[in-house]
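Please work through the exercises below with the sequence and the model at hand. Each task is followed by a solution in steps.

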Amino acid sequence: MPAAMQSLTIRPRRLRATASIRSLVAQTTLAVDQLIQPYFVAERDVDREPIEGFTGIHRWGIDALTDEIATDLVHGVRHFLLFGSSPERDERGSAASAADSRVAQAVRRLRERLGDAPTLFTDVCLCSYTSHGHCGVVKGAQVDNDATLSRLAAVACAHAAAGADFVAPSDMMDGRVGAIRTALDDAGFANVGILAYTAKYASAYYGPFRNALDSSPEGFDRAGYQMDFRNRREALRELDLDLDEGADLVMVKPALAYLDVVADLAAASDVPVCAYSVSGEYEMVKQMARVGLADERALAIENLTAIRRAGAQAILTYFASTIARERWL
Ligand code: PBG
Ligand code: ZN
C-alpha cells in the first residue's frame, strides 16, 4: 500500500456515511417556524390576481387573503408580512397612512377572524403610494430624509392602530427607527415592535416585487438612500444606529448575495437577525426549475438553509407557504 493511504487515520467521511449520522451532526436547522411569508394586498376587492414575472405569487383581496392565511396557520406558517399599495398616489404618499388603507383593513380583518394566532408584520414605506415611486418625500433629485420621517411614523401608527404586531420600515431613511419608536410610544403602542430593514441594499433583485406594487422609482434610482453593495462594514454602523434607536429585530436584504453581511450582523447583534430572501432570488429558483435545470424544492431548501447557516434567525421568503403545505422539510 502506498504510504499516503496507510497514514489516513482521519477520515471526515465517517460522519457522512449514512443519512442518520449526517442528521446527527448537522449544524444547521431549518423549520417552518422560522419563516415569514410576505403577502400583497390588492388595491381592489378582487379574489386574487397574478403578478407578471412573479411565478405563483398574487395580489390578494382581503377576504381571500384571510382564508389563505387561515390555511397557512393550519399548515404551521404563523408569521406574515403584508405589503400594500394605492391607486391614489401623491407626492407625500398620503394614502399609506390612511386609517382605512387596504393594509390596515386587512390587518383588522385578520385580527377579527384569527385573533393573535398570526404574527402580523406590516411594511412601512411610501414607494407604492407616491406619484414618483420613491420611498420618501422628494426634493429636487433626492429624497428628503427628515421630511420623510414624520410620514413613516404616521404609517407605522396607522398599522399599529389596526393591530400589527411589528412594523417593518423598508425605506432606509436615517433616524427612521427612532422616529417610529417615539411616535408609537406617544400614541400608546409601546408593545408594537419594529423590524428594521437595517442593511437594505440597492439591488437588482427587486424586479418582480416592483411589478407587484408598481413601485419603480422615477427620475433617479434608490442608490441615494439604499446601501451600496460594495460595502460591508457600513452594515455594522447601521446596526449600531438601529439598536440605539430601539429596533426589536434587524434585517439584511437581499439575503443570498449578502451572507457575509448576515454573518457580520449575527455576530454583532444583541437582537435576532432576519434575512429577506427577495423576489428576484425566489424567481431565479422558479426559472431554473421551469427550464429543468434544477429541482425547485432542493434549490429552495439549499438556499434557505445557507441563509440560516450564515446566522439568520428568521427568513422572509415567498416559499414559506409552499414549504409548509407541501411538507418540504
Ligand atoms: C420598497 C421595498 C422593496 C422590497 C421590499 N420593500 C423594493 C425596493 O426597495 O425597490 C423588495 C422585496 C422583494 O424584492 O421581494 N420599500
Ligand atoms: Zn419603499
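Predicted model: local features only at pLDDT ≥ 70, side-chain atom pairs only at ≥ 80, totals over all residues.

**Exercise 1.** Identify the protein donors of the zinc ion (ligand 2) and state their spacing along the chain.

*Solution.* Step 3: C125 and C135 are ten residues apart, and both lie in the loop between β5 (119-124) and β6 (138-139).

**Exercise 2.** Determine which geometry the site of the zinc ion (ligand 2) has.

*Solution.* Step 1: the angles among the four donor atoms are 97 to 120°. Step 2: four donors count as tetrahedral if all angles lie between 85 and 135 degrees. Step 3: the site of the zinc ion (ligand 2) is therefore tetrahedral. For reference, the ideal angle for four tetrahedral donors is 109.5 degrees.

**Exercise 3.** Are C125 and C135 buried or exposed?

*Solution.* Step 1: buried means under 20% relative accessible area. Step 2: C125 has a value of 3%, so C125 is buried. Step 3: C135 has a value of 0%, so C135 is buried as well.

**Exercise 4.** Describe the surroundings of L239.

*Solution.* Step 1: L239 belongs to helix α8 (residues 233-245). Step 2: with a relative accessible area of 1%, L239 is buried. Step 3: leaving aside neighbours within four places in sequence, L239 contacts T198, V250, L265, A268 and S269. Step 4: M251 lies twelve residues from L239 along the chain, and their C-alpha atoms are 9.1 Å apart.

Technical notes
Residues numbered from 1 in each chain as written. Chains lettered and ligands numbered in written order. Heavy atoms only, no water. Donors = N, O, S within 2.8 Å, 3.2 Å for Na, K, Ca; no water. Tetrahedral: all angles 85-135°; square planar, octahedral: opposite > 155°, others 65-115°. Helix = DSSP H or I, 4+ residues; strand = E, 2+ residues; numbered from the N terminus. Buried < 20%, exposed > 50% of the residue type's maximum accessible area, 1.4 Å probe, protein only. Contact = heavy atoms within 4.5 Å.
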